[in-house]
Amino acid sequence: MDCNKWIVPVFYGVDPRDVRNQRGSFADAFAKHEENFKHELEKVKTWRSVLTSAANLSGWDSKEIRPDSILVDKIVKDVLMKLNRGTSSANLEGLVGVDIVDSNYEIM
């Protein structure tokens, strides 16, 4: 299975470019990690690589989609489509935290 089909990062309150390039608060955090893990720098290098890879994926940016309720709605619809469940009430049956309301769904 192609992991990129299922893994979609959500950039909440952070610029994906800052994550990708580890700048700003990410640069500060990695400087601390490199100090705290100076004997395990390979581990920090892996974290950097994974964050860069995640930021290169097409994802959801909370700064672009407002308000949060619309962002959550779009994410849920996207995940349901990827699960081939669509948005019909029959297909949502049994999903935890989702209630059927007038042929739509409501996030609990």
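Helices here are DSSP runs of at least four residues, and strands are DSSP runs of at least two. By that count, the protein chain holds six helices and four strands. The model is a predicted one. Its mean pLDDT is 79. The points below go from the whole chain to single residues.

**Overall make-up**
- The protein chain has 108 residues, and 19% of them are buried.
- Take the contacts between residues at least 6 apart in sequence: 49% of them join residues at least 24 apart.

**Confidence**
- A pLDDT of 70 or more is reached by 71% of the residues.
- Among the elements, helix 3 (residues 25-36) has the highest mean pLDDT, at 94.
- Strand 4 (residues 104-107) has the lowest mean pLDDT, at 50.

**Helix 5**
- Helix 5 spans residues 68-82, which makes 15 residues.
- From first C-alpha to last, helix 5 reaches 21 Å. That is close to the 21 Å expected at 1.5 Å a residue.
- The buried residues of helix 5 are L71, V76 and L80. They cover an arc of only 160 degrees around the axis, so they sit on the same side of helix 5.
- After helix 5 comes N84, with a positive phi near 60 degrees.

**The aromatic pair**
- One aromatic pair turns up in a search of the whole structure.
- The partners are F37 and W47, with ring centres 5.2 Å apart. Their planes meet at 85 degrees; an angle over 60 counts as edge-to-face, so this pair is edge-to-face.
- F37 is in the loop between helix 3 and helix 4 (41-56), while W47 is in helix 4. The pair therefore ties together parts that are ten residues apart in sequence.
- F37 is partly exposed, with a relative accessible area of 23%.
- W47 is also partly exposed, and its relative accessible area is 33%.

**Backbone exceptions**
- Most residues other than glycine have a negative phi, and most peptide bonds are trans. The next points concern exceptions.
- Q22 is not a glycine, yet its phi is positive, near 45 degrees.
- Q22 lies in the loop between helix 2 (16-21) and helix 3. Its relative accessible area is 10%. Buried means under 20%, so Q22 is buried.
- R66 and P67 are joined by a cis peptide bond, with omega about -10 degrees.
- P67 belongs to the loop between strand 2 (60-61) and helix 5.

**L57 and R20**
- L57 is found in the loop between helix 4 and strand 2.
- L57 is partly exposed, with a relative accessible area of 23%.
- In sequence, L57 and R20 are 37 residues apart. In space, their C-alpha atoms are 9.9 Å apart.

How values were computed. Residues are numbered from 1 along each chain as its sequence is written. This is a predicted model: local features need pLDDT of at least 70, side-chain atom pairs count only at pLDDT 80 or more; totals for chains, interfaces and linings use all residues. Side-chain values use heavy atoms; hydrogens and water are left out. Buried means under 20% relative accessible area, exposed over 50%, partly exposed in between (1.4 Å probe, protein chains only). Contact means heavy atoms within 4.5 Å. The expected span of a helix is 1.5 Å times one less than its number of residues. The arc is that of the directions from the helix axis to the C-beta atoms. pLDDT is the predictor's confidence in each residue, from 0 to 100. Rings of Phe, Tyr and Trp (its six-membered ring) pair if their centres lie within 6.5 Å; planes under 30 degrees apart count as stacked, over 60 as edge-to-face and the rest as tilted.
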